[in-house]
Amino acid sequence: MINSDTERRIANGLFYRYSIPLGLFVVTVLFALLPVLRWGLVLLVPALLVALWDFFQTSHTLRRNYPLLARVRWIMEDLRPFARAYVVEGDLEGRPFNHDERGLVYARAKGQLDVHPFGTELDVYSEVYQWLAHSIVPKPDAPAEWRTTVGSNQCDKPYSAALLNISAMSFGSLSANAIRALNKGAAAGNFYHDTGEGGLSKHHRSEGGDLVWEIGSGYFGCRNRDGSFDPGKFAETASLDQVKMVEIKLSQGAKPGHGGVLPGSKVTREIAEARGVEVGEECVSPPGHATFSTPVELVEWAAKLRDLSGGKPIGAKLCVGKPHEVFAVMKAMLETGIRLDYIVVDGAEGGTGAAPVEFSNRVGMPLREGLILMRNALVGTGLKDEIKLAGAGKVHSGAGMAMNMGLGADWCNAGRAFMFALGCVQSMQCHTDRCPTGVATQDPARQRGLVVEDKWERVARFQRQTLATLREMVIAMGYDNPWQINPASISERLDPARSAPMDVIHGFLDKGALLQAPDDTQYARYWHAAQAHTFDAAA
C-alpha cells in the first residue's frame, strides 16, 4: 500500500507539474474573454441604470413592477404592424388594403404578371360579394381609349379627362419626390394630377403634367394674410396653362367636416411658398369655407372662380353627409341658372395622412351610397347631362372602376393606389414623418429612397394597365363603352342564399323625377327639407 507521505509527494509533484500550464491557460482564457467582458459591462451598466430608473419612477405601473422587461412590450407594439402584415395576416385580411389588393397595384406598376391561378380566393357566398354581369356576345372592337369631356355650356375651356386620375394629395402630406414622380407619370400617361388643398407647389409644375387645383377652406395659394380668399392671387395661378380645372373642396372622405392643422414646426420654406404663409407659421384649414354660407352663395362663388380662371371647369368635391344639403345645392343651381361643371364624390373609405379615429370610422357616407345619392340628385333634377360626376374612395382596380361607373360615375380618381405605385408599403406611418419609403415624409434622408426617374414610370404603367383591364371588362360585358354599365349589370349577395341586382336593392331615379313627382321617390322628405338659400333643413 502507498502510505500517506507517498500520496502527498505524488500530489505535490502533480500540482507543480501542472500548476504553471493551468495558470497560463486560465490567464489566456481571461485575456481572450476580456473584450467580451468589457462589452458585457458596457451593455450591462446602462441596462442596470434603466432598470433602476424604471423601479423608482411613478408614471408607468408595468415598468415599476417589471423594470426593464416591461419595455419589451413597447418594442412589440412598434413591431406589431409589420409582423401582422408580413407574418400573421392572410392575403385577404389586411386593412385598409389587403395583401392581394396591394399586390395587384405593385404588379401592374412594375409591369409584372397580374394574373391569379386556381380560381378566386373570395367567398362568393358571403354577404360582401359583388359581381358584374358578362355577355355571351362580347364586343372586342370597343375603342382602345375613352375620355370624358368636363365642362357645362357655361365653361369656355372644357377639359378632356382620362377615366383614372390622381386624387387630391397635398405637397406637405406627400414628399417633393413623390409629387414630382406622380406629376411626371401623369404627363407621360395623359391623365390629371389633383394638387390637394395644400397649394400648387413648384414640384407640381416641374414635370408638366395636367393639374386640377384644389381650393380648400384654408385658401392656400390664393389667400390674404388673414386667411381670407384673394381673387387676384387665384386668377394668377388659375390662368396657368398647366391648370386644367379647379376643384372646391367641401369635405373629404376620411375626415369630413373636420378641417386640419399643420403645425408651424413642419412648415418649411417650400411648404410656406406653396401655401402662401410664413415659414414656421401654423397652417389652419377651418372646418368650413368663409366665402359662402348658403347653397346659392356656393354656386355664385363657383361662377366667380370660373370667370377668374378664364372659363375653366369649376367643380366641387365632397363626402356626402346630410342628403338634404345635396338637394339644396341642386335647387340653388336650378334657381340661379349657374352650373357646377363637375362633382367628385369622395367615399368615407377614402384615405388621409391623419384623422381622428372617430371620423375615419363613423363619419361620412361610403362611396357606393354617396355615388347613388348624387347620381339620383343630378338625374332627378335633369342636371346630369350638364354636370359630370366622379368617384373617389379606395379605387385601385378595373373592376372597382366598372362598378363605380355603373352607379353613375363618369370617371374615377385614386390616391392610395398611386402611392402604392410609388412604393408605399402601407406602414401606417404617414402622420409621423417617418414614412420608410419616402412617399409621405419631408425627411430628406427618407425621401432619398424615392427616385423620381424610376417611380414615374410605375405611376404611368399602373394607370395604363388598370384602364386596359377596365376595357377588357367592358368588352366582356358586351358594351361599347363603360358608361353603358348600369345598376342592373351589378349584383350583390344579400345572404348566402339570395342575391339581387343593384337596381333592385337601391332605387335609381328617372330623369326629372324630383321635379315632376318628388313624393313618389325615396328622397321626398330630403327634397322638401332642402332650401336654396340655407343649408339648414326646412321645418
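Visitor: A cavity is a set of points, on a 1 Å grid over the protein atoms alone, where a 1.4 Å probe fits but cannot get out; how many of 30 Å³ or more are counted?

Guide: The count is 1 cavity of 30 Å³ or more. This is a predicted model, in which local features need pLDDT of at least 70 and side-chain atom pairs pLDDT 80 or more, while totals for chains, interfaces and linings use all residues. Residues are numbered from 1 along each chain as its sequence is written, and side-chain values use heavy atoms, without hydrogens or water.

Visitor: How much space lies in the largest cavity?

Guide: About 140 Å³, taken as the space filled by probe spheres set on grid points joined across faces, edges and corners. The lining (residues with an atom within 4 Å of a point) has 17 residues, and S217, K249, G259, P286 and P287 are the closest to the centre.

Visitor: Which classes make up that lining?

Guide: There are 11 polar, 3 nonpolar and 3 charged residues, with Gly counted as polar.

Visitor: Changing topic, which residues of helix α7 are buried?

Guide: In α7, residues 231-238 (a DSSP run of H or I, at least four residues), F234, T237 and A238 are buried, meaning under 20% relative accessible area with a 1.4 Å probe and protein chains only. They lie on the same side of α7 because they cover an arc of only 95° around the axis.

Visitor: What covers them?

Guide: The cover includes strands β6 (211-215) and β7 (243-249) and helix α9 (295-308); strands are E runs of at least two residues.

Visitor: And N376, buried or exposed?

Guide: N376, in helix α12 (residues 367-380), is buried at 0% relative accessible area. Beyond neighbours within four places in sequence, its contacts (heavy atoms within 4.5 Å) are T381, G507, F508, L509, L514, Q522 and Y523. F508 is 132 residues from N376 in sequence, yet 6.2 Å away, C-alpha to C-alpha.

Definitions and conventions:
On a 1 Å grid over the protein atoms alone, a cavity is a set of points where a 1.4 Å probe fits but cannot get out, and a pocket is an open set with protein on both sides within 12 Å along at least five of seven lines; lining residues have an atom within 4 Å of a point. Buried means under 20% relative accessible area, exposed over 50%, partly exposed in between (1.4 Å probe, protein chains only). The arc is that of the directions from the helix axis to the C-beta atoms.
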